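Here is a short briefing on a ligand site and an aromatic pair.

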Amino acid sequence: MNIIAPSYIYVDNNIVQNQAIAFDTTIKDIAPLKQLLLKFPTAKVIQLQTNSLVMPGLINAHVHLEFSANKDTLKYGHFLPWLYSVIKNRDALINSCDDVCVTKAIDTMLQSGTTSFGAVSSYGLDMQAIQNAHQNIVLFHEIIGSKAQMVDALFNDFKQRLDASRLLNKPNLYPAIAIHSPYSVHPVLLKKVIDIAKREKLPLSAHFLESKAEVDWLKQGSGDFQSFFNNLLQQNHPVTSISEFLSYFESIPTLMTHAVHATKQELIQLSNAGHTIIHCPISNRLLGNGALNINELHRHNVKWICATDGLSSNYTLNLFEEMKIALFMHHDADLLPLARKLLNSVTILAADALGLNSGEIKIGKNADMLVLDLPNPPSDQFALHLILHQYNISKVFINGQLV
Ligand code: BEZ
Ligand code: FE2
């Protein structure tokens with residue numbers, strides 16, 4: 001047993017003082033240090049410096065590690081030019097991101113306080129580095145392919161990757177399934193993999209209504225995707241409609257990434273089905289996809305969380321930076337409530353969406369904790385300053401282990 005005694009604990013958007021935390025792999029008790037010492041006399045005590053604060057480790061629900069070699073290769077500004085640049089540079093980017101490159105991305109996440117993440121894996125090339133990572137990882141094996149004649153081959157490849165990850169010797173690794181998007185996955189393939197997710201209760205995610213081009217293609221078979229599908233895939237109409245796509249997910253709450261272009265009706269459908277939108281503000285800006293209307297999400301009771309996406313559409317995997325950008329992007333939202341919401345979205349709400357027992361400093365939760373060195377006692381606008389100043393993180397615990 002360990003006892004950590006900070007000056008402050010960040011609990012439920014509140015600052016708690018004069019409390020210590022007893023933990024092994026999970027949090028066992030939260031009480032004044034004297035009381036914990038009586039209860040756990042042999043515990044190892046970690047006394048922290050003045051103005052230290054313990055908060056939950058951050059959870060990044062959506063990242064693509066295999067694209068971590070990108071810095072300035074991909075073309076930003078508009079969705080289709082970006083997608084063409086991904087296709088053109090995919091092999092070079094993937095081949096130049098070996099285990100060292102993926103590990104570096106994972107380590108930068110750790111250094112910026114991310115103790116759990118959801119990794120979308122397209123090829124399974126990130127598995128070795130993932131196995132060696134300290135963090136809790138939900139590994140979303142991605143399925144992509146809109147051509148009917150490719151369904152069996154793609155499904156078999158997907159199944160092999162999924163099964164291989166079940167054999168990895170990492171207790172805090174959770175295999176999961178990612179659907180690339182409504183426009184890129186044939187409904188037969190979609191149904192096959194969603195059936196696995198339902199049967200085996202695996203977390204499920206999908207990119208959804210990320211760009212205007214996607215909406216134009218799905219609704220009218222027109223727009224920027226028309227020539228893409230005509231020329232590259234010899235298709236002149238979309239493989240599914242938005243409502244058909246959503247119908248497959250009705251009984252399985254899913255992480256729907258982006259949803260920037262969802263209509264009011266579609267938002268209501270997301271809310272009714274219990275889905276959670278993953279908001280990636282930097283990626284949306286860089287790919288020319290606009291800004292998610294979070295006021296509409298609140299109006300229709302749609303759950304949302306914040307994540308970074310991969311380095312194929314971001315310059316950082318630091319969630320504090322991502323939250324800061326979100327804070328400025330949503331300029332019409334009340335500042336302090338938005339800061340609090342963002343912090344919840346990368347802790348308790350992300351844990352809920354990914355099915356992790358973490359995201360809170362609370363008895364029974366996994367001991368995933370950050371120790372921050374604050375320059376002063378926290379003010380009543382602490383959530384805001386936590387995002388603005390990116391305080392030094394002096395210790396990270398994952399499942400009770402100092403890493
Ligand atoms: C496909 O494999 O069908 C596909 C891949 C990327 C974008 C769109 C479609
Ligand atoms: Fe993504």
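A residue counts as near a molecule if one of its heavy atoms lies within 4 Å of it. This is a predicted model: local features need pLDDT of at least 70, side-chain atom pairs count only at pLDDT 80 or more, and totals for chains, interfaces and linings use all residues. Residues are numbered from 1 along each chain as its sequence is written, and side-chain values use heavy atoms, without hydrogens and water.

**Ligand site**
- Around ligand 1 lie Ile144, Gly145, Ser146, Tyr183, Ser184, Phe228, Phe229 and Leu233.
- The protein covers 83% of the 260 Å² of accessible area (Shrake-Rupley, 1.4 Å probe) that ligand 1 has on its own.
- An oxygen atom of ligand 1 is 2.4 Å from a side-chain N or O atom of Ser146, a polar contact (N or O atoms within 3.5 Å).

**Aromatic pairs**
- Rings of Phe, Tyr and Trp (its six-membered ring) pair if their centres lie within 6.5 Å; the count is 15 aromatic pairs.
- Phe208 and Phe245 are stacked (planes under 30 degrees apart), at 5.9 Å centre to centre and 10° between the planes.

Note on methods. Chains lettered and ligands numbered in written order. Polar contact = N/O pair within 3.5 Å; in protein donor to acceptor, adjacent residues only side chain to side chain. Phe/Tyr/Trp six-rings, centres within 6.5 Å; stacked < 30°, edge-to-face > 60°.
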